[in-house]
Amino acid sequence: MSLSSALSIAQSALLATSKQTSVVSRNVADASNPDYTRRIAVVTSTAPGARMVEIQRTANELLFRQNLSALSASSGQSTLYNGMDQLDLSVNGVDNASSPSTAIANLQKALQLYATTPSNQNLGTSVVDAAKQVVNSLNSGTKAIQDFRTQADSQIATAVDDLNSLLSQFQDANKAVISGTRSGTDVSDALDQRDALLKKISEYVPISTFTRGDNDMVITTKDGTTLFETVPRSVTFTPSSGYSAGTSGNTIYIDNVPVSAGASDNTTADGKLAGLLKLRDGVASTMQSQLDEIARGLVTAFAETAPSQPNATGLFTWSGAPAIPAAGTLVDGLAGSISINAAFDPSAGGNPALLRDGGANGAAYVVNTGGASYADLLISYGNKLDQPMAFDSSAGITVSSGVSDYAANAIGWFEGVRQQASTNADNKQALAARTAEALSNDTGVNVDQEMSLLLDLEHTYQASAHMMKTVGDMLDSLLAAVG
């Protein structure tokens, strides 16, 4: 081997080692970056003594796809469960203290106490005050639910804007990957950026991807709608300024295809958008329907009756008074409009004794004509709160019960849904963590391993440098001898 060949080999080795060292140093520097994929400097021989360093990413497509799916499920489930927590506190309060069920229980106690001493009108006033608390619970619950739906609607609009922004950023990253692939330059950083954006996009909607020539990537939703192909597809949504009971929310569209909240029940969601849709149009709407059914049951239970006369509203009234709502049929918004009949309210000039005697709707409805100790009507009202009546099954509760039990069942229904959503959230969060860990173990940076490799490269560098020094010394000796 000639001295020039030896020198060329030593120089090539030094250059290759320098590039390898640079890659290892970059790995160590980005070891804590969850979106960084470990690089490997692969050395290949292109000619006797010549070496070329190719930088490769330690990607794992299968694990990455699993992680994207897990991230989408975890994001949707977390959105759903956290929303339910907020909704429960807004409507029912801490430990259900402000729930209709608690207020109705207090009303029953006040009725029972009044029935024991019907002549004590202070107890009658207490019944009216307890009824006001029931009305307040239903009115404020309705407002809280519709405010929550409006807030969820606003969050959907924000999420849609964020998703469109991410897709625009993805387009730039994808162009960088395609351009680098065509020119033969290192595209590792652009691929990392593109993968990081995919993770963020998957938090909003469940996605699938496939790669075409020149590393060009296409994104579709889980149901096959194209989200990105060369250019981002438009994600559109028109928010509503406010909601009322029975009002449906606007639809999200991806490339003019409506986004579904999913076919599963109210306890499961994939992606943040699906979670928000289920909160706005599923859980919250069902809660509102249950409040409306409770209100209808109260109007019915306290209705005044008379021979040859239609039933008319009693202690509780509504916008359709004096008529009673149809049995077993949901009236949207009734919980928000239910009120106390002024004829019974002392603060409005009414007489609470009408609870005992009847007659708020005229003489034909009078039951007691003068007995101060008469309690039958009061007892009958208390009994009617426990007597089974027909409720609309669309409100999510199909068990036959009285108004008081229905109100308790409404809490039970929500707690059941929330508990299942909590379990699903924990499971999906754990799955997302496990897939992220598996992906990191396979494609991430192990600092100990990199430091060991760096030490080996240091020895290689020293050997190459020693070889160059030896060749240099030999050349010096040769030149001295010729001179």
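**Pocket first.** I looked up the largest pocket: 37 residues line it, and T37, R57, A59, D192 and D195 lie nearest its centre. My grid rule, for the record: on a 1 Å grid over the protein atoms alone, a pocket is an open set of points with protein on both sides within 12 Å along at least five of seven lines, a cavity is a set where a 1.4 Å probe fits but cannot get out, and lining residues have an atom within 4 Å of a point. I get a volume of about 720 Å³ for the largest pocket, where volume is the space filled by probe spheres set on the points, and points are joined across faces, edges and corners.

**Ground rules.** This is a predicted model, so I note that local features need pLDDT of at least 70, side-chain atom pairs count only at pLDDT 80 or more, and totals for chains, interfaces and linings use all residues. Residues are numbered from 1 along each chain as its sequence is written, and side-chain values use heavy atoms, with hydrogens and water left out.

Helix α5 has the largest share, seven residues. Helices here are DSSP runs of H or I with at least four residues, strands are runs of E with at least two, and both are numbered from the N terminus.

**Cavity.** I count one cavity of 30 Å³ or more. The largest cavity has a volume of about 110 Å³. Its lining includes P100, S101, M287, F414 and I411. By element, α2, α3, α6 (272-301) and α10 each supply at least two lining residues.

**Helix α3.** I checked its length: 17 residues (100-116) at 1.5 Å a residue should span 24 Å, and the end C-alpha atoms are 25 Å apart, which agrees. The expected span is 1.5 Å times one less than the number of residues. P100 and S101, both on the cavity lining, are buried, as are I104, L107 and L111, among others in α3. Buried means under 20% relative accessible area, exposed over 50%, and partly exposed in between (1.4 Å probe, protein chains only).

**N424: buried or exposed?** I find N424 in helix α10 (residues 403-443), and it counts as buried because its relative accessibility is 13%. Leaving aside neighbours within four places in sequence, N424 is in contact with Q77, T267 and T268; contact means heavy atoms within 4.5 Å. The N424 and T268 side chains also make a polar contact at 3.4 Å. The rule for that is a pair of N or O atoms within 3.5 Å; within protein, one must be able to donate a hydrogen and the other to accept it, and residues adjacent in sequence count only if both atoms are side-chain atoms.

**Strands.** I traced an open sheet of four strands, ordered β3-β4-β5-β6 with antiparallel pairing. Its edges are β3 and β6 (231-232), each pairing on one side only. Two strands pair if DSSP finds at least two bridges between them; β3 and β4 (residues 217-221) have five, with S208 bridged to T220. Elsewhere, β10 (residues 304-306) and β11 (residues 309-312) pair antiparallel over two bridges, and E304 partners A312. They form a hairpin with two residues between them, and S308 in the turn has a positive phi of about 60°.

**Overall.** I count eleven helices and 13 strands. Of the 483 residues, 46% are buried.
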